[in-house]
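Hi,

Here is the structure for you to take over. My notes come after it.

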Amino acid sequence: MPRFRQKEFSGGKVSYITRRNLLKYSALGLGTIVVSTGLTGCDDDDNSQPEPQPEPIPMSFTHGIASGDPLTDSVIIWTRALPEDTTTHTELEISFEVATDENFSNIVNNGTHTVNQQTDFILKIDVQNLAAGTDYFYRFTSNGKTSAIGQTKTLPSDSASLNQVKFAVFSCSNYPTGYFNAYTEAEKLNDLDAVLHLGDYIYEYKMGEYATENAAEIGRALPDDNDVELIELDDYRKRYALYRTDRGLQALHQKVPFIVVPDDHEVANDTYIDGAENHDPAKEGDFATRKANALQAYFEWLPIRPAAQGDNETLYRSFKWGNLVNLLMLDTRLIGRTKQLSLTDPQFYNPDQSFNAQAFMAAITSDQNSLLGAQQLNWLTSELSNSSATWQVLGQQVLMGRMNLPLEVLLALGQNPSAVANALSELVTIKGRMLAGDPTVTDAEKARVLTAAPYNLDAWDGYQYEREVIFNYAQQLMKNLIVLAGDTHNAWANNLTLANGDAVGVELATPGVTSPGMEKYLSLDAQSAMGLEQGLNILIDDLHYSNLYDRGLMLVTFTEQQSQAEWLFVDTIASENYAIQSARSHNLTINAGENKIA
């Protein structure tokens, strides 16, 4: 039979290597292995006798399997094969198979590679030369053990005619806070084209810090060897390993390809280009080193394709489903974000301590404030210009809608929940009278409502110049723009508008998988949270929908005529036994050509 060999890509040249040399090269820990041929056979380039087979190494596929970053002709597949004794056994040989059927009677790609301690025993394969728009099955074997069978699919050809494209969208999954039931729910669906994870796949805190207070009670406490704040590479690796023991997360990775971007907690809270709120250089060392450790672990543990071998920082990239959906994944955290502004900054206050709105507006609209950076912004506008897809979809981390609240409410946020509730109650009543055309509303009352500022300067509201650039491009190009967001742990839907009020698109934000949201910060029970939802919908002009209490997921479906969003919420994260709260589920529609919620 003919012998097929794999290719090694190095320095722009292509050289053929034998299977034996391939194992040697892969053992060096060179990152994602590109497999550009199909089936591999036995190497007959030498006449040496077969090597004696060693005794099988006790091991397991403890952390499951995964696939991601599908293209028309390739997809990443992932696993971790862990020896029981990593002191004695420092490397393992793993074989993989990719087939068009679950029985693996039609294998289209296979190979064998070595993993070791240097790569945390992880194997990532960029399987190439696949057919467009095709479902595939894959599995791994090592030392007589076989992994679960995974399902994945390639993107359709650019000219493919599609009836629909459907995503499940997630963010903010904090292990000690609760069980990942939202992932479990998505795994039950059979019509997903991809899972989009918009960041905070892990959290960097140790026990006793953010949202860990009930962890021991519900069986989600961090193990002793994982109970540290993440700084070193091994710290981040161990945290990913813990998260990937969650059964819901493993099951969803096994069934659907993921497309991911990190937010801040994959590194540290409120990360920006050269620092973070949760990083103290005096105690925790150089931030660039910490960020490099975090991103290395991210690329090791997630099925994401690097822009180039060894590039762990270029996170923006595109995925196309025929001429229906152009998905542009953005990085708003790590390569372009300048440090966040703060409402408490002295530069925004006059000598008499009154708020200087002019100075504040000048700061948040300055072109010196950046989320994307010039290179990524140029890439994004070029992608929008060159795409003829019906829907332009931005997958990114933070809220893009204008979330302006009366300044009176923002100042009350620094006091106590009752102060917020009182301010909201009065201001909602005044705004309702204004909307009804009540002639008795005084100028002083109007000023209380209209003197407003963004409630979250860590989001696009604190970086308005780049937002206006993007919105202007979308309007000029007459694109159907849908922005997907996470980060806040709550569900939102916003009409997106230019500063002059013109509609340019719609934002759909997914709730957290487990991380607590505004209900936690303001100490709200369910009834109070629903009251706040109604109040914010009145006070914030572009806000169409919010859920400020529940955890869950968002589904987004695209057709030529419309896009539809559906929010699903679980009734508990304290146990793996949960139900969907049908009364809190919500749906909305955006018609093509309208750029606003129907």
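Below are the notes on sheet, helices and salt bridges.

This is a predicted model, so local features need pLDDT of at least 70, side-chain atom pairs count only at pLDDT 80 or more, and totals for chains, interfaces and linings use all residues. Residues are numbered from 1 along each chain as its sequence is written, and side-chain values use heavy atoms, with hydrogens and water left out.

**Sheet**

Seven strands form an open, mixed sheet, in the order β19-β20-β21-β24-β26-β25-β27. Strands (E, at least two residues) and helices (H or I, at least four) are DSSP runs, numbered from the N terminus. Two strands pair if DSSP finds at least two bridges between them. β25 (491-497) and β26 (503-509) run antiparallel, joined by 6 bridges. Tryptophan 492 stands opposite alanine 509 in β26.

α9 (374-386) lies across β19, β20 and β21, at about 180° to β20. α15 (526-539) lies across β25 and β27, at about 165° to β27. Angles run from 0 to 180 degrees between N-to-C directions, and axes are lines fitted to C-alpha atoms, for helices over the stretch in contact. Contact means heavy atoms within 4.5 Å.

**Helix pair**

α4 (233-243) and α7 (287-301) pack at about 35°, with axes 8 Å apart. The contact residues include Tyr236 and Tyr240 of α4, and Ala294 and Trp301 of α7.

**Salt bridges**

The whole structure has 30 salt bridges (a side-chain nitrogen of Lys or Arg within 4 Å of a carboxyl oxygen of Asp or Glu).

- Arginine 80 and aspartate 120 meet at 2.7 Å, N to O. Arginine 80 is in β6 and aspartate 120 in the β9-β10 loop, so the pair ties together parts 40 residues apart in sequence. Both are buried (under 20% relative accessible area; exposed is over 50%, partly exposed in between; 1.4 Å probe, protein chains only).
- Aspartate 487 and arginine 333 meet at 3.7 Å, N to O. Their loops are β24-β25 and β20-α8, so this pair ties together parts 154 residues apart in sequence. Aspartate 487 is buried at 12% relative accessible area, and arginine 333 is buried at 0%.
- Glutamate 445 in α12 and arginine 433 in α11 form a pair 12 residues apart in sequence, at 3.2 Å, N to O. Arginine 433 is partly exposed, at 23%.

Shared partners also join Asp263, Asp264, Arg333, Arg337, Asp458 and Asp487 into one salt-bridge network.

Best wishes
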